[in-house]
Amino acid sequence: MSPRTPNSPLRALLRAGRRLLFRWRREKLDRELAEELEFHLALKRQATGDRLSRMQMGNLTMAAEDCRDMWSFLRLERLLQDIRYAARMFRRTPGFTAIAIFSLAVGIGGNAAMFTLVNTLLVRPLPYRQPDRLVRITGVFPRAAVPFFERRNRTIDVAAVSPGSEFNLTGEGEAIRIVGSAVSANAFSVLGAAVARGRNFQSGEDSPGRDGVVILSHSLWSTQFGGDPSVIGRVILLNGMHRQIVGIMPAAFAYPSAQVQAWVPLRLDASNFLEYWGGEFVPLVARLRPGATIAEAHREIQPIIGEFRKTFPYPMSRDWNRDSTAIPLQRDLTGDIRGKLIILLCSVGLVLLIACANVASLLLSRATTRRKEIALRVALGAGRLRIVRQLLTESILLALAGGLLGILIGTGALSIFKSLLPSSTPGLAQASIDWQIAAMVAGLALVTGLAFGIAPALSASQVDLAQSIRTGSQRSTAAFWTRFRGGLIGAEVALTVVLVVSAGLLIKSLYTLSEVHPGFQPQQILTVRISPNASFCTPRQACIALYDRLLEGARQVSGVADAAVASSVPLDAEQPDLAVDVQDHPKSADFPAPMLWSGAVSPDYMNMLRIPLLAGRRITVADGPKSAKVILISASTARHFWPGQNPIGKHIKDASEQDWRTVVGVVGDVRQYSLSKAMPDGIQGAIYMPYAQAVRDDGQIPAAMTLLVKAQTMNDAPARELRSLAQSQNPNVPVGQVQPLEELVAGSIANFRATIRVFISFAAAAILLAAIGIYGLVSYWVSQRTYEIGLRVAIGATRSRIVSMILGQGLRVALYGIVAGLIAALATTRFLASLLYGVGATDPLTFAAVTGLVLAVAISATSVPAWRASRIDPINSLRVD
Amino acid sequence: MGKLPASELLPGTLDLLILRTLATGEMHGYGIAQRLKQVSGEVLQVGESSLYPALQRLLLNDWVKAQWRASENNRRARYYTLTAAGRKQLAAERAEFTRVVGAIEKVLNMA
């Protein structure tokens, strides 16, 4: 019935503010109140003649107390009290606190790191103007497609950006190899990225004669040109061509990849038939015009591609770019790593869930052992809400401490995760834990604190006063929470099984991969890349002579048994594919020129790498520039084109040349592309030409070659001598680092190995947490049932009987968890399929091994408390309660 | 009729009584208690343990303001006065009280 002013929020806020102020001036208020009451008392004594009962004195104390209540900002005060109390509890149980905080920190830290990556790479918009308007047209296109698309479409502005290839930068000290991308002149304006200094490419600068310009990346500008602003306008030599530096991009610009150090115009020259229609096809990016939608662009693209296909001067397959479509550029950029990131994010999420289950279970058992204390607090007048709040404060405090430590762990984890991803990923270098992630971690900590704290708090607040105080334990309502706790641990074991099975499958994949025979022997072989400009090789004889000299010189180096050159070596990340004509296989619109992996090798190459000769003969020094053109094919090439026939004497040629080459030998298949995949999709096999007779897809002799030597000892001396030998040939020819071939092979699966290492660490964390969980659960049972066990022993149960009883109980929970985990793993491991090699997603052996492992961990975690249970002295335990 | 301690009043009534007392002029705590006792014919006895918390509450709500001044016997005393908001509150509480008492009366007078 109170007629007070309605409690408007503003009023409440004002009052709260005033209370805070009052609290601040508390001492003064206390003094004033004391004086006021003193005054009151004095007057009262006067009136009654100095006779004051003790009750009246008590009234005054209560008045002061009630007034103080009125001033203090009560909620804050209680919160501080709760926190002080919680901190005291943690100090008293350091083991529990450390385990809880550490498990949470592992979970939260891993999540912070993964969220940072996901946020930077998948969520944060690209650093370009209106990034949501940028699309990628999937597939690759000849240069001719750029003006064609520009003319025909109405919804997008199209640009071409090649993925980047190596350029020689000469005349600036030691000749070096840099990565450059050829782009159409409008590329930067389509992307909406501005140069940091200088100017953008101007329209028309992609036409022949005007394309002698280059824009540098910030990193190349600072490392090679000392960050000197006056380099703009200077002319540099790239692949032997003079180009004027016109601009410098900002440091954050990383398109098409972070490895690109320079951008040059993509020459659009319709008169250069080979380059315009053939050569390296390029990816297209585009910006939606105002008002256009991605769906409209999508509808337009296929008809345009259909028309364009007909304009090709040579027949194209009807399926060519059939599935090309417009997708958001961001999705295109993250395509390869998206799956991996999401898998890792899910698994690190599982670790957090496991950590939460663990801490909840620990808190539940602690809540139970604290019944007596809580009952006492209830008896002293604490309400149920107050108890729940106290316990929740404790769990949130734990979670926040875990979150704080988690950020530290997350920073470490982030640098590991970053090393997993290809360093060319745009934006990867910028990934760091920032305040947004810190805020998210704090939120995560709060939510997890509430999530794992609510059950224990509720369980603890249901105390039966009289019984708890009398015995300190409680047997009736505890049953539900004990079962609940068993369920928690079971779920934890299940999640652990899922993670460990995933890790197991990956480990088996890695093992299978490392056991793969790559088709060659990389042992004791040193490689060094030598890359003269293409112009250096006109006439062809110049390059043939260069490599003959190098081979001759290399054989003289002490400790070198043999030497060879090859245009590419297996697993070196080059992709030398060549469109060929094959005898008996005429091209048509449906069967265009097949693509083959092509190598140019010196006679000793096959022998040195122990690539077996399966039929015919090897290449010899007699297969020189003037003799009849010959070719070696790999076993899979022979199988694909001439199944069941003798391929020796058949003919193959580069699609653009006139003369056929005769197949003289068949050699074994080699894992050229990767250890898990011998050849990229759409490539049927390999061919090898003698270097003296070789051609590339542009009709030239391959200029850049790898020199290989067989070393008798793998020490530094031959490597050093080899490099100086190569450098002494010509100062304008860049020479790479000497690298053992075995390192190249190992490096090709380094990313995969790193992914697996992270997975193993997740799985190990999960197993550790699960072991702690099971141990805690069983220890708790034992401590709760000390009386009962004592009784059993007293009436004749043997020690082994007690041990098997406790073991049985612990294992039952573990088994439920394992079964549930195996079912969950069966359902989920197929999402890993893209990472697996040579092992099924439901590999029974892995599943069995993981079951055994988790069971063994469960048994050892149970056996300690079980053993302790068997030592219970009946006399003591019966006396306790 | 015996004495009625303040704790047995209808809730909120003590605030109303204090506000009404202060409407007659500035007064210190002891004075308010004395005035209530006098005016009610010694029926309403307000103890310190109710009076001073109630005064703090009224202060917090800005319905009264307090000032230290020398009292009639030359000691420092805290004098309370009604604010404009307090006057409004007094009118509102008074109307509400009348309404409730009227309602109670109706119940008591039913046939």
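Helices here are DSSP runs of H or I with at least four residues, strands are runs of E with at least two, and both are numbered from the N terminus. With that in hand, colour chain B by element: from the N terminus on you'll walk through β-α-β-α-β-α-β-β-α. That comes to four helices and five strands.

Before going further, note that this is a predicted model, where local features need pLDDT of at least 70, side-chain atom pairs count only at pLDDT 80 or more, and totals for chains, interfaces and linings use all residues. Residues are numbered from 1 along each chain as its sequence is written, while chains are lettered from A and ligands numbered from 1 in the order in which they are written.

**Stop 1: two helices in chain B**

Select residues 13–22 (α1) and 29–39 (α2) of chain B: these helices pack at about 100 degrees, their axes 10 Å apart. That makes α1(B) roughly perpendicular to α2(B), a label for angles of 65 to 115 degrees. Axes are lines fitted to C-alpha atoms over the stretch in contact, and angles run from 0 to 180 degrees between N-to-C directions.

Now show side chains. From α1(B), Leu17(B), Ile18(B) and Thr21(B) meet Ile32(B), Arg35(B) and Leu36(B) of α2(B); a contact needs C-beta atoms, placed from the backbone, within 7 Å.

**Stop 2: the sheet in chain B**

Next, pick β2, β5 and β4 of chain B, which form an open, antiparallel sheet in the order β2-β5-β4. Strands pair if DSSP finds at least two bridges between them. At the edges sit β2 (27–28) and β4 (64–70) of chain B, each pairing on one side only. Between β4(B) and β5 (residues 76–82) of chain B there are seven bridges. Zoom in on Trp68(B) and you'll find its bridge partner in β5(B), Arg78(B).

**Stop 3: over to chain A**

Chain A holds 26 helices and 22 strands. Of its 881 residues, 39% are buried, meaning 20 or more other C-beta atoms lie within 10 Å of a residue's own, with C-beta atoms placed from the backbone.

Which residues touch the most other members of the largest nonpolar core? Select Val351(A), Val359(A), Val497(A), Val500(A) and Ala766(A), out of 156 residues. A nonpolar core is a set of buried Ala, Val, Leu, Ile, Met, Phe, Trp, Tyr and Cys residues joined through C-beta atoms within 7 Å. Centre on Ala766(A): among its contacts are Ile354(A), Leu495(A) and Leu499(A).

Note on methods
Parallel < 35°, antiparallel > 145°, perpendicular 65-115°, else oblique. Contact = placed C-beta atoms within 7 Å. Buried ≥ 20, exposed ≤ 12 C-beta atoms within 10 Å, placed from the backbone. Lists of a residue's contacts leave out its neighbours within four places in sequence.
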